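Good morning, and thank you for coming.

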Amino acid sequence: MADNVESQKAVAKPASHAKNDFEKDKFILKQLVTKDFKIKYRRSVLGVAWSVLNPLLMMIVMSIVFSTIFAQGRNGSVTPELYPLYLIVGNVTFSVMSESTNQALMSIIWASSLLKKVKVHRWVFPVQKVLFSLVNFSFSLVAVALVMLFFRVAPTWHLILLPVCLLLLMCFCMGLGMMLSALAVFFRDVMHLWSVVITAWMYLTPIFWTTDFISQMAHWIQVLVVVNPMYNYLQFMRDIFLFNTVPSAFTFGLCVVWAVLALAIGCTVFHKTEHKFILYI
């Protein structure tokens, strides 16, 4: 009987310990996101309003520059009247990935002083940066709603799929962010290289140009565009916001594949290298 009691305690203790660790990580994530939010908008006159104004101003500028060239695709899939909505949905979606990965890339290096003093799970820092970008994205959705209202685009039931797309996109960004944050600790050149990659990625993604132009590209470029992860996430978002349709099985499948693949690679790289972080930060 005594042996049974001891064995039950031994099992209960790790479970309780894991629960405490989860609550601790959850608390730290919340505090870090709140801290970043306060720092970003500290001493700003407009504050959070910038998260709404920024995508709106970018949409206006880019619409003026590109509407004549890209608004009417060869097959007429996007009319000039809907081009601003097409543009802002693509822009805010790509910005989530760009902002979250750029911030996650430096998260371990920025947290070096804290990591040397406090025992905390290191994955918390890149994940926190991705969650903060999601908070900013939620404010950007206000700008999308204003554009829909201005151009009289009525929302449909397809928007209930938005959480699904965001979950997959966040998993993709977390995986990418964890991998980049780990690599940046050992190779500081990654931070400079990633800015070049993001720029090239932006032009390879149909943010301001329509997908009708893919057929006019060289075959190898067409392949790069279609397998581009952000092409699929943008297509998912535009299907539910603009085209009022359920994303195709192919688009949804690729979104899932990229999310799982990025998360698997990111977690693997991070787990295999995190024990050496303290030696390089």
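This is a predicted model: local features need pLDDT of at least 70, side-chain atom pairs count only at pLDDT 80 or more; totals for chains, interfaces and linings use all residues.

Residues are numbered from 1 along each chain as its sequence is written, and side-chain values use heavy atoms, with hydrogens and water left out.

Let us take the overall layout. The protein has twelve helices and zero strands. Helices (H or I, at least four residues) and strands (E, at least two) are DSSP runs, numbered from the N terminus. Buried residues make up 43% of the 281 residues in the protein. Buried here means under 20% relative accessible area, exposed means over 50%, and partly exposed lies in between, with a 1.4 Å probe and protein chains only. As for contacts, meaning heavy atoms within 4.5 Å, residues 24 or more positions apart account for 79% of those with a separation of 6 or more.

I now turn to helix α3, residues 83-105, and its two partners. How do α3 and α6 pack? Their axes are 8 Å apart, at an angle of about 165 degrees. Axes are lines fitted to C-alpha atoms, for helices over the stretch in contact, and angles run from 0 to 180 degrees between N-to-C directions. The two helices, α3 and α6, are therefore roughly antiparallel to each other. In these terms, angles under 35 degrees count as roughly parallel, over 145 as roughly antiparallel, 65 to 115 as roughly perpendicular and the rest as oblique. The crossing of α3 and α6 is right-handed; a crossing has that hand if the near helix is turned clockwise from the far one by less than a right angle, and is left-handed if anticlockwise.

On the α3 side, the residues that meet α6 include Leu85, Ile88, Val89 and Val92, and on the α6 side they include Phe137, Val144 and Val147. The residues of this contact of α3 with α6 divide into 15 nonpolar, six polar and two charged. Ala, Val, Leu, Ile, Met, Phe, Trp, Tyr, Cys and Pro count as nonpolar, Asp, Glu, Lys and Arg as charged, and the others, Gly among them, as polar.

Valine 144 lies in helix α6 and is buried, with a relative accessible area of 1%. Leaving aside neighbours within four places in sequence, valine 144 is in contact with Leu85, Ile88, Val89, Val92 and Phe241.

The contact of α3 with α7 comprises eleven nonpolar, five polar and no charged residues.

Next comes the core. In soluble globular proteins, nonpolar side chains tend to be buried together. In this model, the largest nonpolar core has 74 residues. Such a core is a set of buried Ala, Val, Leu, Ile, Met, Phe, Trp, Tyr and Cys residues joined through side-chain atoms within 4.5 Å. Those with the most contacts inside this core are Leu85, Ile88, Met97, Phe172, Trp201 and Met230. Helix α7 gives the most to this core, with 16 residues. Not counting residues up to four places away in sequence, methionine 97 touches Phe172, Cys173, Leu176, Ile198, Trp201 and Met230.

Finally, I shall mention two loop residues. Arginine 152, in the loop between α6 and α7, has a phi near 55 degrees, a positive value in a residue other than glycine. Is arginine 152 buried or exposed? Arginine 152 is exposed, with a relative accessible area of 80%. Asparagine 244, in the loop between α10 and α11, has a positive phi near 50 degrees. At 31% relative accessibility, asparagine 244 counts as partly exposed.
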